[in-house]
Amino acid sequence: MVPMRRLFLLFVVLPFIAVVVSGADNLTPRYYRRTCPKVEQIVSEVVTSKQITSPTTAAGALRLFFHDCFVGGCDASMLITSNAFNQAERDAEINLSLPGDAFDAVVRAKTQLELACPGVVSCSDVLALATRDLVSMLGGPFYSVALGRKDSLASHLRSVEGNLPRPNMTVSQILSIFSSKGFTAQEAVALTGAHTVGFSHCKEYASRIYGYNGGSQSSYDPSLNPRYAQALQKACANYRRDSTIATFNDVMTPGKFDNMYFQNLARGLGLLASDQALLSDPRTSPFVRLYAANQTAFFHDFAAAMQKLSILGVKSRRNGEVRRRCDQFNTISA
Ligand code: HEM
């Protein structure tokens with residue numbers, strides 16, 4: 001009888017416990033109340049001053065956080081730098097446009113935290129808090145962030161492909177990426193409202209504004225507002241020679257986190273083809289219209305979706321660590 005009971009414990013009960021206690025179950029906003037009680041204050045002070053001196057930080061951090069979470073979970077794998085043995089996520093083509101200021105904000109906050117409470121706060125928690133603070137600094141909603149994430153033990157360039165949406169994808173392809181991470185069409189639309197801030201480089205929408213559908217060089221996507229399309233053609237005229245040229249995602253209120261992104265779509269002022277497509281697809285258009293008409297609903301749903309995003313694929317002590325430096329694993333490995 002006794003050996004049977006042991007076998008039952010070993011093969012049935014223990015694996016079940018290991019499955020239900022995922023990293024996210026251990027998260028709580030009070031995680032550091034004893035070990036680093038000032039964590040929120042320190043992160044907030046550092047990133048606020050960073051945003052004041054470098055206003056591209058906030059939108060960059062929001063995109064960085066999204067890319068980190070969608071590739072293998074919110075585990076700061078996007079912060080690792082490549083070395084001779086390993087090409088990290090950060091060096092995937094889609095991540096090369098993430099601005100250095102966003103990474104720098106996290107590194108600065110982590111440096112201050114290492115002085116106040118060494119070896120305690122993970123880089124993934126710093127990124128989650130920094131993103132929340134920066135979104136609210138731009139006028140967006142403030143939401144509580146559960147803490148206790150551990151940092152990844154791996155970061156591979158090859159893991160990125162297929163996990164992040166691209167502007168030339170169909171709505172079906174985009175929704176299928178979101179759905180594979182557990183997000184509904186409504187949550188995907190709410191999260192994409194992040195395009196109410198920040199920039200896009202010309203190459204991301206060049207096919208909409210030059211030689212559209214094989215037409216003449218000046219022909220543009222007819223779903224674009226004509227004056228907007230012409231202004232974009234002008235702004236991007238040198239984009240092949242100067243790949244740094246970028247324009248605001250939200251041409252009306254570029255630095256403000258509001259619901260203007262959704263209002264823009266109805267006026268042909270959506271910058272990326274994927275943005276404009278959200279208005280015409282029946283699975284997403286009801287939510288675009290809802291958020292265009294009601295900023296409170298957008299803020300409520302965006303905050304809830306960000307909270308859901310921030311616990312995606314979270315690592316625990318079992319499969320993660322608290323990095324000493326956000327750009328390197330504690331032990332050098334391939
Ligand atoms: C619908 C799927 C999405 C697509 C196809 C997409 C694609 C893009 C592209 C191509 C850019 C321009 C990057 C550049 O040229 O520097 C961009 C910028 C941005 N994206 Fe998305 N994105 C999507 C969803 C999201 C989501 C869910 C978030 C956040 C929750 C987000 C946050 C941002 C931000 C804040 C920027 C501006 C970054 C900056 O100014 O540095 N995006 N996105």
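In helix 6 (residues 171-180), the buried residues include Val171, Ile174, Leu175, Ile177 and Phe178; buried means under 20% relative accessible area, with a 1.4 Å probe and protein chains only. Viewed down the axis of helix 6, the buried residues fall within an arc of 155 degrees, so they line one face of the helix; the arc is that of the directions from the helix axis to the C-beta atoms. The model is predicted, with pLDDT of at least 70 required for local features and 80 or more for side-chain atom pairs, while totals for chains, interfaces and linings use all residues. Residues are numbered from 1 along each chain as its sequence is written, and side-chain values use heavy atoms, without hydrogens or water.

Helix 3 (57-70), helix 7 and helix 11 (273-280) are among the elements that cover the buried residues of helix 6. Helices (H or I, at least four residues) and strands (E, at least two) are DSSP runs numbered from the N terminus. Gly182, which follows helix 6, has a positive phi, near 90 degrees.

The axes of helix 7 and helix 12 (residues 285-293) come within 9 Å and cross at roughly 45 degrees; axes are lines fitted to C-alpha atoms, for helices over the stretch in contact, and angles run from 0 to 180 degrees between N-to-C directions. Ala185, Gln186, Val189 and Ala190 of helix 7 make the contact with Phe287, Val288, Leu290 and Tyr291 of helix 12, contact meaning heavy atoms within 4.5 Å.

His195 lies in the loop between helix 7 (185-192) and strand 1 (199-201). The NE2 atom of His195, 2.1 Å away, is the single protein donor to the iron atom of the ligand; donors are N, O and S atoms within 2.8 Å of the metal (3.2 Å for Na, K and Ca), and water is not among the atoms, so sites may look incomplete.

Key. Buried means under 20% relative accessible area, exposed over 50%, partly exposed in between (1.4 Å probe, protein chains only).
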